[in-house]
Every structure is written in C-alpha cells, then in structure tokens.
Amino acid sequence: MKKIFLSPGGLEVSVLALGTAQYGTGISEEEAFRQMDLYTERGGNFLDTALVYGDWGCAERGCSERVIGRWLSSRKKSSQVVISTKGCHPPLEDMSESRVNADAVRKDVRLSLKNLGCDRIDLYFLHRDDPKRPVGEILEALEEEVSRGNIRYYGCSNWSLSRVKEAADYAAAHGLQGFSCNQIMFTLAEVDERVPGETQMLVLDREYYQYHKETQLGLMSFMCQAGGYFTKKASGRPVSKNQERMYPEKRNEKLLRKLMQYQEEGCRINDFVLQYVTHAEFPAVAIGGFRTEEQLLEGLDGVESRLPEEALRELAELKEKQRVSQEATT
C-alpha cells in the first residue's frame with residue numbers, strides 16, 4: 001500500500017488508516033483481530049483509535065485500545081505498526097464539560113499507554129479543543145509528554161482553523177514541535193455542518209483546505225466514506241435518517257450523477273470517495289472503519305485502484321464548485 005509522510009521527517013504511514021472505533025463493542029475482538037491481520041498483510045501500517053472508543057458499551061475505559069493492545073502483544077507487531085490515539089474527550093454524558101487541560105493530558109496519555117501495552121504512542125491527538133484555555137498551556141503539556149518519551153508526535157482533532165493557526169504561531173515562537181497532523185471531517189460528500197457540529201465535530205471547508213495546502217500540514221480524515229452514502233444512493237438502497245440530515249440530497253445530487261457516470265464506465269464509486277481524500281494537495285490519510293472483511297477488502301482495493309486522472313480532476317473541480325456555491329448562500 002502507498003505510504004506518505006504526515007510531516008517532513010515525521011511518521012511514514014499508509015494512505016488508508018484502519019479505523020477501530022467499534023472494536024470490542026460493535027465488532028467482536030475475534031473479528032477485530034482478523035481485520036488487523038488482513039490489513040497489515042496487505043501492507044497497511046496505521047491504526048487509529050481513541051481512549052473514548054467503546055465507552056458507550058464497556059464498563060472499563062479504552063475498550064478499542066485494549067483490543068488493539070492484545071493484538072499487538074499476540075502478533076508481536078508493536079514495532080511494525082503506527083498507532084494514533086486521541087484523548088481529552090468530554091464525558092459522553094456531558095459533552096459540554098471540557099477535559100482539554102494539562103492534568104487530563106497526563107492522565108489520558110498514561111491510561112492509553114497502559115491499554116495499548118506500548119512504551120510510547122506514535123501520534124497523540126487532542127480529541128476536542130477548549131477555546132477558552134490558552135493554547136500555550138495545552139501545547140506545553142503535550143511537549144512535556146514528548147520529553148518524557150510517552151509520545152512521539154502530537155496533533156489536534158476538531159480544532160477551528162483560527163486555533164490551529166494560533167497553535168502554530170505559539171509553537172514557532174517557543175521552539176516547540178507543534179501539531180504534526182490534524183484529524184477532521186474531510187469528505188467528497190456535501191455536509192450540513194450543523195449535524196456533526198452537534199457533537200463538536202468540524203468539517204474541512206475551503207479556507208481550511210487552503211491552509212493545509214499552503215502549510216502542508218498532514219491530515220487524517222474521519223467519516224470520509226460518508227457511511228456509504230453515494231454507494232447506497234446509486235444502488236437505490238435507503239440511507240439512514242442521520243445520513244439524510246448530514247448529507248442533504250439536493251446538495252449532493254450533482255456529485256452523485258457524476259459518480260454514477262463513472263460507475264457506468266466501469267469504476268467503483270467508493271474508490272473515488274476514498275481517493276478524493278488521498279489525492280488532496282497536501283499529505284492526507286483516509287480513515288476507514290469497516291463492519292465486515294468484505295468491506296475492508298473493498299477499501300484496501302479502493303485506495304490502490306487505478307482511476308482515470310481526468311475523472312479525479314473533474315470530481316475535484318465539481319466539489320470545489322459545490323463549495324463555492326454553498327458558501328455564497330451562507
């Protein structure tokens with residue numbers, strides 16, 4: 001599988017990261033082990049998890065991390081796989097309660113290390129932000145974990161562009177490592193941003209895209225496949241109520257028609273959805289979560305398939321027109 005550097009001299013990772021949010025809950029440990037085996041056998045080396053994954057279905061925190069930790073131990077894969085995890089998420093019972101502070105960083109990093117059975121976390125993300133807290137305080141806490149050898153690189157998830165810029169300025173002024181990657185919702189589908197905003201998730205917009213292009217800051221895209229929205233629509237299958245809300249039909253109809261045209265020419269729709277991310281103008285990784293091995297195989301094939309360059313350009317241009325049109329009406 002193709003690999004890229006998330007930042008100059010930084011981590012070299014597969015363009016498809018294996019999402020593990022349902023490991024130990026919606027996906028059994030046995031099936032999770034099979035997925036990770038298959039993924040690494042196909043050349044993948046990047047597992048994405050979070051301390052909060054599984055809190056909705058497990059009595060003990062870090063269910064997904066602990067499943068991965070047991071797999072790493074049983075397969076002796078710790079030195080061959082890059083692990084990214086996230087911490088400082090609000091309690092699920094009260095998303096308004098911020099946990100983005102130095103104490104939570106220290107506590108969550110150590111708990112993730114224990115769950116994963118690792119000596120060091122390759123890439124550690126702040127799962128959310130607290131705009132009321134000085135950015136310097138947060139970065140210094142992360143730098144402390146780097147100096148202690150607990151994490152190698154760190155990044156942000158669901159941070160506004162203004163806060164990312166503020167963090168970059170602070171890191172440059174104080175000689176800090178700074179963010180190596182941004183984890184955000186970046187997808188071909190047009191999104192009603194109010195829906196992910198209900199859970200404090202952010203969507204990459206045109207201005208944010210341009211910042212990544214100018215700075216070459218690495219990006220990991222969650223929910224990039226839009227839950228199979230386009231594939232379902234093209235085949236006449238129903239989409240969920242949440243998908244109807246998040247991906248408005250009228251805003252996505254032109255993209256769907258174009259994708260169906262490519263499908264008639266022998267291409268698979270989801271290959272374009274994945275490669276829209278991996279062909280960005282900056283280092284970008286698609287995070288793929290898969291319910292079945294069949295879906296995982298399709299995803300692995302999807303990021304490696306040869307798609308017509310002209311078709312990829314046409315799709316990117318259409319997406320840009322959609323962005324411009326939407327921003328003109330808001």
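How many bridges join strand S3 to strand S4, and do the two run parallel or antiparallel? Strand S3 (residues 16–19) and strand S4 (residues 46–48) run parallel and are joined by 2 bridges. Strands here are DSSP runs of E with at least two residues, while helices are runs of H or I with at least four residues, both numbered from the N terminus. Two strands count as paired if DSSP finds at least two bridges between them.

Before going further, a word on the model: it is predicted, so local features need pLDDT of at least 70 and side-chain atom pairs count only at pLDDT 80 or more, while totals for chains, interfaces and linings use all residues. Residues are numbered from 1 along each chain as its sequence is written, and side-chain values use heavy atoms, leaving out hydrogens and water.

**The barrel**

Look for the pair S3 and S4 in a closed barrel of 8 strands, which runs S3-S4-S5-S6-S7-S8-S9-S10 with parallel pairing. From one strand to the next, the twist averages 30 degrees; axes are lines fitted to C-alpha atoms, and angles run from 0 to 180 degrees between N-to-C directions. Strands of a sheet pair through backbone hydrogen bonds, either parallel or antiparallel.

Helix H2 spans residues 63–75 and includes Leu-72. With a relative accessible area of 2%, Leu-72 is buried (buried means under 20% relative accessible area, exposed over 50%, partly exposed in between, using a 1.4 Å probe and protein chains only). Setting aside residues up to four places away in sequence, Leu-72 touches Lys-77, Ser-78, Val-81, Ile-83, Leu-116 and Cys-118, where contact means heavy atoms within 4.5 Å. Val-191 is 119 residues from Leu-72 along the chain, and their C-alpha atoms are separated by 36 Å.

Ser-64 is also found in helix H2, and its relative accessible area of 0% makes it buried. Beyond its neighbours within four places in sequence, Ser-64 is in contact with Thr-20, Tyr-23, Thr-49 and Tyr-53.

**Aromatic pairs**

The whole structure holds 10 aromatic pairs. Rings of Phe, Tyr and Trp (its six-membered ring) pair if their centres lie within 6.5 Å; planes under 30 degrees apart count as stacked, over 60 as edge-to-face and the rest as tilted. One of the pairs is Tyr-53 with Trp-56, which is tilted, at 6.3 Å centre to centre and 50 degrees between the planes. Tyr-53 is buried at 14% relative accessibility, whereas Trp-56 is partly exposed at 44%.

Tyr-209 and Phe-282 form an edge-to-face pair, 5.0 Å centre to centre with 65 degrees between the planes. Tyr-209 lies in helix H7 (residues 206–215) and Phe-282 in the loop between helix H11 (269–278) and strand S10 (284–288), so this pair ties together parts that are 73 residues apart in sequence. Tyr-209 is buried at 12% relative accessibility, and Phe-282 is buried too, at 4%. Ring pairs also link Phe-186, Tyr-209, Tyr-276 and Phe-282 into a cluster.

**Salt bridges**

There are 29 salt bridges in the whole structure, each a side-chain nitrogen of Lys or Arg within 4 Å of a carboxyl oxygen of Asp or Glu. Here are some examples.

| Salt bridge | N to O distance |
|---|---|
| Arg-66 and Glu-60 | 3.8 Å |
| Glu-198 and Arg-245 | 2.6 Å |
| Glu-249 and Lys-233 | 3.6 Å |

Glu-249 lies in helix H10 (residues 249–264) and Lys-233 in helix H8 (residues 229–235), so their bridge ties together parts that are 16 residues apart in sequence. Glu-249 is exposed at 51%, while Lys-233 is partly exposed at 25%. Elsewhere, Glu-30, Glu-31, Arg-34 and Glu-293 are linked in a network of salt bridges.

**The nonpolar core**

In soluble globular proteins, nonpolar side chains tend to be buried together. The largest nonpolar core here has 107 residues, and those with the most contacts inside it are Met-36, Phe-46, Leu-142 and Phe-230. Such a core is a set of buried Ala, Val, Leu, Ile, Met, Phe, Trp, Tyr and Cys residues joined through side-chain atoms within 4.5 Å. Leaving out neighbours within four places in sequence, the contacts of Phe-230 include Leu-188, Ala-189, Asn-252 and Leu-255.
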